[in-house]
Amino acid sequence: MSTLQPPVLAIDDLRVEYPLADGSVFTAVERASLVIHTGEIHALVGESGAGKTTIGNAVMGLLEKPGRIASGTIHIGGKPLDPNKGSAEGVVLGRDVGAVFQDPMTSLNPLFTVESQLTETMRAHLKLDRAAARARALQLLKDVGIPEPQRRLKAYPHQLSGGQRQRVVIASALSCDPKLVVADEPTTALDVSVQAQILRLLRDLADQRGIGILLVTHNMGVVAQIADRVTIMHRGMVVETGPTAEVLRHPRAPYAKALIGAVPRIDARLERFPVIGEEGKGRAAEARAVLRSKAERTGAIADGGPILSVENLQVEYTTRGVLPGSKGHRFRAVDGVSFSVNSGEVFGLVGESGCGKTTIANVVSGLLKPTAGRVTYRGHTIAGEGMVRCVGPLRQAIQMIFQDPYSSLNSRMRIGTILAEPILFYRLASSKAEAAADVARMIEAVGLEADAAQRFPHAFSGGQRQRLSIARALGARPKLIVCDEPTSSLDVSVQAQILNLLKDLRDATGLTLLLISHDLAVVRQMCDRVAVMRNGKLVEEASAETLFSTPQHPYTRELLSLVPTLDRIRGEAQAA
Amino acid sequence: MLKVFLSRLGQAILVMLVVSAVSFVMFRFVGDPVASMSRESATIEEKTELRRSLGLDQPVVVQYGHFLARTLSGDLGISYRNQRPVTQLIAERLPATLELVIVATLLSLALGIPLGVLCALKPNGVAARGVQALSLIGISTPTFVTGIVLILVFAVSLGWLPSFGRGQVIDLGWWSTGFLTASGMTSLLLPGITLALYQLTLIMRLVRAEMIDVLSSDYIRFAKARGLPARYIHFRLALRNALMPVITVTGLQIGSLIAFAIVTETVFQWPGMGLLFIQAVSFADIPVMAAYLLFVGLMFVIINTVVDILYAVVDPRLRARSA
Amino acid sequence: MKTLTASPGLITRIGAPISVMVAGVVALVMVACALLASRIAPYDPTDLASFDLINAELPPAFSADGDPRFLLGTDNQGRDLLSAMLYGARVSIAIGGGAVLVAATIGVFLGLLAGYYGGKVDAVIMRVADVILSFPTILLALLVSGIARAVLPGAATAEWAPVILICAIAIHEWVQYARTVRAATMVETAKEYVRAGKVIGLPSRRIMLRHILPNVMSPVLVISTINLAAAVLTEATLSFLGVGMPPTYPSLGTLIRIGNEFVFSGIWWIALFPALALVILVVAVNLVGDWLRDRFNPKLRVKR
């Protein structure tokens with residue numbers, strides 16, 4: 001790293017403001033500084049609203065209106081960026097600065113071929129003729145590792161897989177040999193295995209081409225795996241910056257400590273997640289005690305016996321043919337899956353997107369009918385062959401919590417009404433007043449104040465909504481709760497709180513949990529037993545300890561080796 | 001491609017069957033054809049004879065079968081009002097209406113697309129605001145009012161353009177055209193503009209909305225991040241995406257232009273099918289109404305099928321699915 | 001930037017531009033005047049005794065030969081034009097409003113069913129909608145009134161004209177409601193709160209009416225505003241074509257039709273004033289409707 005060369009990117013004391021309609025000013029970024037040298041990957045990490053994306057946009061001059069750079073400087077390759085024009089003299093966006101966005105599905109124009117989208121940049125900036133641009137595009141596709149590049153040139157985006165599209169996006173960012181690439185959450189929309197490939201590609205670009213990369217991400221594992229340096233942001237401010245290993249191993253700022261502590265580890269199981277300022281626990285313990293005594297009165301809980309069993313389950317989707325009578329395509333989402341869940345345990349179902357795990361969740365909770373096989377709850381068949389007539393009362397025992405806290409509560413209804421619905425529907429309260437008391441207890445049990453019942457969902461944060469969603473599930477006094485990716489749309493610190501809550505509720509009331517997740521680390525922290533799925537089939541089932549320490553199936557081993565985690569920090573492995 | 005075509009054809013036939021059934025029901029059950037077609041002084045025997053000659057004494061399904069067969073062979077019955085074959089009446093009037101619709105469509109596309117793009121690119125500019133305001137008035141002014149105003153200004157006050165009729169037309173066998181004479185062209189202007197105005201505002205608003213939508217998409221952001229020139233991004237990339245729905249809507253609108261022509265033709269005394277139809281409605285001349293319904297249904301189905309196939313040709317996503 | 005978007009359901013700070021506020025006030029005043037026509041109109045145009053052919057075709061009061069009794073002049077039968085317009089506007093608005101109400105009720109109901117159940121229910125409802133959409137509003141409306149004319153005896157046609165007109169307009173307009181509500185219902189049905197309701201085991205009717213319906217109502221209100229304007233225009237067009245309201249009980253469209261026959265002989269006011277009133281009313285309603293649509297349409301809202 002030559003010190004004679006100016007850094008690829010130098011940000012000094014940057015402040016970005018958004019004037020609001022009411023005349024006040026929202027400060028998105030404040031006193032932010034960072035430097036990126038040739039061949040360096042610098043991660044900008046933080047939770048949503050931390051201002052990390054804003055910095056990326058400011059560097060590219062793509063701040064959303066009416067955002068503006070209020071003070072501070074940005075130098076790209078030593079040249080200052082003019083805050084009014086959003087660009088630096090002699091620095092051309094697309095030629096000197098490349099960009100990679102989060103979602104490869106939407107970053108490419110669906111109406112143009114890969115070739116057209118790759119060559120247009122080169123033709124605009126490098127003044128290449130058609131043939132030269134084409135040759136270069138072909139070379140780029142080879143460089144980013146796309147198989148059969150010749151054929152892919154003619155392809156339209158929808159004919160490529162997500163990973164291939166992201167490679168095309170990267171190729172396009174590289175097309176004019178930029179010195180700096182801004183990558184905004186480049187792997188967030190991708191599966192673990194594809195993510196690993198893309199990360200390796202980015203690392204190679206930095207090492208081999210000497211490109212400086214500003215990597216905006218929320219994923220600490222990704223940071224650990226490929227970043228040389230990291231800057232942690234919180235509410236628009238830089239809280240800590242330094243070499244990756246140093247910051248991740250020994251964070252100094254309290255927020256950085258808390259954030260890193262909240263990241264689920266894959267190497268060892270902890271009792272609880274350390275969290276930053278947990279939501280007021282108040283009367284939670286008291287409320288949970290009442291729940292427990294009620295549960296005990298209605299029957300034995302957590303006796304350890306099998307509570308749910310899935311036998312040879314099969315689910316097929318048929319897409320309708322175009323012409324009447326013509327056969328549609330059949331797609332087997334779940335193909336002969338069997339497992340059983342014991343009372344009181346947390347059972348994890350893990351796999352990449354499209355592996356069929358959510359389909360199983362839907363069958364268990366009664367949202368979907370299986371094509372073959374069956375699901376039994378305490379010996380009663382609740383779905384599939386030989387289903388009992390009167391499933392209703394059995395349904396009550398199985399409730400569900402969902403992924404997206406912003407859509408899982410009806411925004412037009414008060415929290416109290418939403419939470420009372422299952423209680424009144426199952427006649428678990430003899431009067432509205434009793435139901436209201438029950439609702440208050442549920443709200444307290446999930447760690448919120450009882451007056452939440454008076455308000456509408458939009459008054460709550462994502463984490464609080466997820467708590468309310470759990471409270472609604474508790475209202476039906478279930479024995480089993482199906483949790484479908486309950487934390488995958490939450491920030492890591494909020495995720496830690498919700499996972500702690502689920503653990504506490506399980507311990508307090510003897511609930512059984514079926515946890516569906518794509519995140520191996522979350523599964524590691526939460527589950528007693530784990531089943532791994534791939535393409536609709538179960539590939540391995542074992543106790544969590546065994547699965548994570550001595551995985552048997554090659555696919556499990558591959559998945560485990562690919563997960564970017566905090567305990568495998570780049571540089572340290574090489575040093576060791 | 002064949003699949004798309006076949007499925008569209010199936011749908012088209014279905015729609016036409018429904019339309020023909022409605023048309024038949026109107027024909028058969030609405031009003032009393034015998035009473036409409038015979039003189040007030042007709043005797044009972046005369047009426048029975050007429051009933052038999054019209055086939056009204058047979059079972060309904062058989063009548064529908066006959067109706068379909070006759071329709072397919074181009075026989076749409078005889079107008080109650082002027083006792084001439086309906087097919088002949090429509091054939092005479094068809095060229096006038098279609099020429100009017102073609103002029104209006106071209107006008108609305110030629111002006112609507114650029115104006116829509118202008119409003120999307122510079123939403124706060126003076127020109128865009130002016131166009132937006134005008135479009136609001138355009139969409140809120142009934143066609144007949146526009147027509148009357150245009151007549152008052154350009155025909156009555158200024159005396160520049162004719163206010164009614166087609167002018168001099170030239171017969172090309174079965175088609176009479178006004179495109180080939182000066183008076184025919186000047187006669188087309190006012191009704192053409194009147195008919196185009198409403199469509200123009202629709203297309204302009206659609207292009208604006210689509211363009212704004214496309215401009216905020218990720219792939220346009222990505223194109224900006226690659227430093228492509230704004231002109232290139234707007235006119236080569238974004239416009240193409242924005243124009244996709246315009247194809248569909250223009251297709252749909254041609255169908256409704258034929259119907260909207262009813263009003264324009266009334267105002268300008270334009271001798272097209274619309275005028276024929278409105279006269280039929282006032283006289284409850286069911287055969288003409290039924291035939292017109294069938295005809296508009298057919299036009300709509302043909303245009304839509306063409307548009308869908310065109311769409312499949314233009315959009316690579318659909319192209320791949322049908323391949 | 002998540003933090004920048006306003007919380008949903010917040011209509012407290014309306015912040016409409018001045019033009020929209022003015023349009024809203026104009027629309028309200030016009031509707032109020034029309035509804036109070038029998039109270040504020042100088043004459044009763046439906047009362048044969050109140051007008052006289054002697055006063056026919058008098059120009060507006062402010063022109064040279066105007067008569068101060070008739071502010072906007074008189075029509076060909078000697079009726080006070082202002083009074084006729086007030087009563088006419090009442091007819092136009094009532095028919096437009098009636099058509100919107102009928103269309104919205106049918107459309108919302110069918111749209112909910114189609115969106116929630118999907119499959120065959122959806123296919124049948126949407127095919128019917130497709131066929132109806134094959135025909136422009138004006139054509140279907142003409143057909144309905146043509147059929148009504150053929151079925152009803154001559155005298156009843158005039159008496160039933162408002163009902164015929166409402167049906168004639170609603171038969172096409174419900175499709176737009178059904179399509180919008182269907183699309184919105186499909187989006188809502190896929191949302192997790194509906195799945196949560198299903199997991200609890202709530203009956204479909206309850207999920208549709210209590211959970212989904214309130215969430216799909218805001219586009220319905222927006223469409224209704226724009227459709228009210230469209231319905232008033234359609235009614236005016238039908239009346240202009242002579243198949244709408246009869247001259248004895250005129251709507252704004254009928255007045256313009258009457259006026260149109262006299263325009264070329266220099267008697268411009270009979271057509272002009274009703275036309276102006278019509279256009280101002282529709283522009284005002286459309287302006288409010290457009291603003292509402294831009295505000296509630298997630299497509300045009302800046303993405304996160």
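**Figure 1. Chain C in the predicted model, read along its sequence.** Chain C follows the pattern α-α-α-α-α-α-α-α-α-α. That gives chain C 10 helices and 0 strands; helices (H or I, at least four residues) and strands (E, at least two) are DSSP runs, numbered from the N terminus. Of the 304 residues of chain C, 50% count as buried. A residue is buried if 20 or more other C-beta atoms lie within 10 Å of its own, exposed if 12 or fewer, and partly exposed in between, with C-beta atoms placed from the backbone. Now take the contacts in chain C between residues at least 6 apart in sequence: 69% of them join residues at least 24 apart. Here, two residues are in contact if their C-beta atoms, placed from the backbone, lie within 7 Å. A note for all the views: this is a predicted model, in which local features need pLDDT of at least 70, side-chain atom pairs count only at pLDDT 80 or more, and totals for chains, interfaces and linings use all residues. Residues are numbered from 1 along each chain as its sequence is written, while chains are lettered from A and ligands numbered from 1 in the order in which they are written.

**Figure 2. Where chain C meets chain B.** This contact takes 39 residues from chain C and 38 residues from chain B. On the side of chain C that touches chain B, at least two residues each come from α5 (137-151), α8 (204-240), α9 (252-260) and α10 (269-296) of chain C. The most come from α5(C), which gives 10 residues. Sorted by class, this side of chain C has 28 nonpolar, 7 polar and 4 charged residues. For this sorting, Ala, Val, Leu, Ile, Met, Phe, Trp, Tyr, Cys and Pro count as nonpolar, Asp, Glu, Lys and Arg as charged, and the others, Gly among them, as polar.

**Figure 3. Where chain A meets chain B.** Here 25 residues of chain A are in contact with 23 residues of chain B. By class, the side of chain A that touches chain B has 13 nonpolar, 9 polar and 3 charged residues.

**Figure 4. Two helices of chain B packed together.** Helix α9 (residues 218-225) and helix α10 (residues 230-268) of chain B pack at an angle of about 145°, and their axes are 11 Å apart. Axes are lines fitted to C-alpha atoms, for helices over the stretch in contact, and angles run from 0 to 180 degrees between N-to-C directions. Look for Ile220(B), Ala223(B) and Lys224(B) in α9(B), which meet Ile233(B), Leu237(B) and Ala238(B) in α10(B). The residues of this contact divide into 5 nonpolar, no polar and 1 charged.

**Figure 5. A covered strand of chain A and its partners.** All 6 of the 6 residues of strand β19 (residues 512-517) of chain A are buried. Thr512(A), Leu514(A) and Ile516(A) point one way from β19(A), and Leu513(A), Leu515(A) and Ser517(A) point the other way. Strand β14 (residues 346-350) of chain A runs parallel to β19(A), joined by 5 bridges; two strands pair if DSSP finds at least two bridges between them. In that pairing, Phe347(A) stands opposite Leu514(A). Strand β18 (residues 480-484) of chain A is also parallel to β19(A), with 5 bridges, and Asp484(A) stands opposite Ile516(A).

**Figure 6. An open sheet in chain A.** The 4 strands of this sheet have the order β13-β12-β15-β16 (chain A), with antiparallel pairing. β13 (330-342) and β16 (380-384) of chain A stand at the edges with a single partner strand each, so one side of each is left without a neighbour in the sheet. From one strand to the next, the twist averages 20°. Inside the sheet, 5 bridges join strand β12 (residues 306-318) to the antiparallel strand β15 (residues 372-377) of chain A, and Leu308(A) stands opposite Tyr377(A) in β15(A).

**Figure 7. Two residues of chain A with positive phi.** Asp13(A), which is not a glycine, has a positive phi near 50°. Asp13(A) is found in strand β1 (residues 9-19) of chain A, and is exposed, with 11 other C-beta atoms within 10 Å. Arg477(A) also has a positive phi near 50°. Arg477(A) lies in the loop between α16 (462-475) and β18 of chain A, and counts as buried, with 20 C-beta neighbours inside 10 Å.
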